[in-house]
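My notebook is open and the viewer is running.

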Amino acid sequence: MSAPRADWIAALATPEAPAPRGVLRASGAGLIAAAPEWLPASLLPLSGAREVREGRWDWLPGADVACRLLVFPAPASATGEDVLELHLPGSLPLLENALARLQQAGMRLAEPGEFTRRAFLNGRLDLTQAEAVLDLVQSRNQHALRTAAEVLAGRPGDLLRKARESLAFALVQVETSLDFEEGDSQDLQPAEIEQLLHSTRAALVHGGAVESQRQATLRSGWRIGLIGAPNAGKSTLFTRLTGARALVSELAGTTRDRLEARWDPGPLLEHPQHDWILADQPGLSAAGEQVGAADARDAAAQARAADDRFDFCWWVVNGSDADAVLPAQAGSTPGLTVITHGDLPRRLPGAVVRRAHDLGEVVWIDPGRTSAVKALARHSLAAHQDQEALRHQRLRSVARHRQALQQAQAGVADAESGLRQGLPLDLVAEELRRAMHGLDTFFGRFTPEDLLDRLFAQFCVGK
Ligand SMILES: Nc1nc2c(ncn2[C@@H]2O[C@H](COP(=O)(O)OP(=O)(O)OP(=O)(O)O)[C@@H](O)[C@H]2O)c(=O)[nH]1
Ligand SMILES: [Mg+2]
């Protein structure tokens with residue numbers, strides 16, 4: 001095996017599990033020029049431009065499989081370096097064999113998050129976007145997924161990037177006029193600069209509001225949604241755990257509005273206190289629409305909106321119902337299956353039970369026994385603890401963003417009032433530089449190495 005060249009990295013970019021397709025990703029300076037040394041002849045020659053090539057991967061002498069090669073030359077690639085992607089059938093031995101071939105060609109295995117880190121270091125992503133990649137990969141519900149995708153697309157960041165440009169322009173204006181002798185600075189147009197600073201401050205206030213909202217969402221209690229067909233037993237379970245009085249009846253569609261109450265599983269588990277919120281939902285039809293919802297026309301929209309805000313779901317299924325199915329949304333957010341009516345004969349089809357086990361934990365609830373509730377609490381607590389580390393990381397990043405934006409805002413406000421009061425321009429310039437520093441911190445230009453290490457270490461290998 002040759003030594004790693006020019007710090008080339010490679011990794012499996014798809015999960016380490018059998019799948020129809022597996023992707024290997026490699027990144028490094030000069031990677032494309034050297035590729036003919038190790039790529040199968042059927043994928044050559046490379047044009048040097050961005051391209052897709054179809055060929056065969058000769059993984060054993062005399063045995064080859066279809067292979068697609070994606071070529072992204074520097075600097076317009078995901079990492080800013082040459083990037084190659086090999087798409088192969090998703091057999092693990094085959095992918096391991098291919099990865100070994102890349103190592104023989106001089107690549108080393110990438111650290112977790114190393115591709116994203118390179119993208120950041122090469123200016124392809126700013127830090128807020130790198131954080132959004134992590135959010136995207138680990139998002140626990142649809143709402144978080146959408147927010148991360150928006151940050152990644154640069155939406156809130158665009159406004160702030162423009163604000164930084166305006167600030168830079170204002171600073172150049174002020175600094176240029178500083179170079180003139182006193183009384184000679186006709187170039188400076190305070191009214192125009194004040195206008196610029198005014199809109200900059202509005203962008204910073206908006207950015208701050210977005211971060212506060214993120215913080216509030218992260219600080220709110222852990223929310224569990226009870227999702228299932230009408231009559232599955234959601235309200236019965238909800239009432240039993242929280243003591244809240246929800247309507248329970250044998251009529252399908254009894255619950256018409258979502259009801260929320262706190263539930264602390266701590267005492268059951270001899271564990272410190274937890275501030276969980278259980279949400280009893282109207283029953284869902286097989287298509288995922290809320291049957292009892294107050295406004296049936298908006299039922300689907302309500303179901304989606306409701307689902308968005310849960311950190312975890314309990315998919316509630318009646319175990320004595322031979323026609324019961326899992327809710328359509330089961331598996332799309334983190335959750336577990338609760339099978340009710342455990343006191344009655346089991347009639348739930350085996351296929352439903354098997355699918356529930358494929359999706360995660362399964363708890364059979366019997367009104368007469370508390371051991372099942374303990375199991376429900378224990379499994380939910382495990383999921384909660386998994387999500388906690390990530391939540392703390394996000395809270396730290398929100399705190400970093402807010403502090404940086406506050407610094408920028410204060411700098412702009414002081415520069416504005418300095419201009420209005422006719423203070424010496426070097427003082428105004430100093431405030432503008434303070435504001436720039438705040439925005440640069442927001443985008444991660446001054447981020448200490450250890451923060452970067454902590455952030456990128458949370459990624460999986462191949463990201
Ligand atoms: N035997 C038995 N009956 C149950 C159990 N859980 C719920 N039930 C009964 O099933 C019926 C429906 O229960 P609910 O809790 O209202 O069901 P739901 O899922 O809230 O129904 P909707 O609000 O209509 O969506 C009621 O008559 C309950 O008493 C159980 O574990 N065992
Ligand atoms: Mg109900």
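How many of the 10 residues of helix 11 (residues 350–359) are buried? I count 1, so to speak, and I note helix 11 as hardly covered. For me, buried means that 20 or more other C-beta atoms lie within 10 Å of the residue's own; 12 or fewer makes it exposed, anything in between is partly exposed, and C-beta atoms are placed from the backbone.

**Ground rules.** This is a predicted model, where local features need pLDDT of at least 70 and side-chain atom pairs count only at pLDDT 80 or more, while totals for chains, interfaces and linings use all residues. Residues are numbered from 1 along each chain as its sequence is written, with chains lettered from A and ligands numbered from 1 in the order in which they are written.

**Whole chain.** I found 14 helices and 12 strands in the protein chain; helices (H or I, at least four residues) and strands (E, at least two) are DSSP runs, numbered from the N terminus. Buried residues make up 36% of its 463 residues.

I traced an open sheet of 6 strands in the order 3-4-5-2-1-6, with mixed pairing. Its edge strands are strand 3 (51–60) and strand 6 (108–109), each pairing on one side only. Two strands pair if DSSP finds at least two bridges between them. Strand 1 (residues 9–12) and strand 2 (residues 19–28) run antiparallel and are joined by 4 bridges. Here I saw Ala11 opposite Arg25 of strand 2.

Strand 10 (residues 312–318) pairs with strand 11 (residues 335–340) in the parallel sense over 6 bridges, and Trp314 has Leu336 in strand 11 as its bridge partner.

**Helix 12.** How far does helix 12 (residues 371–420) reach from its first C-alpha to its last? Its 50 residues reach 70 Å, close to the 74 Å expected, which is 1.5 Å times one less than the number of residues. I also noted a kink of about 30° centred on Glu388; the bend is the angle between axes fitted to the seven residues ending there and the seven starting there. Just after helix 12, Gly422 takes a positive phi of about 70°.
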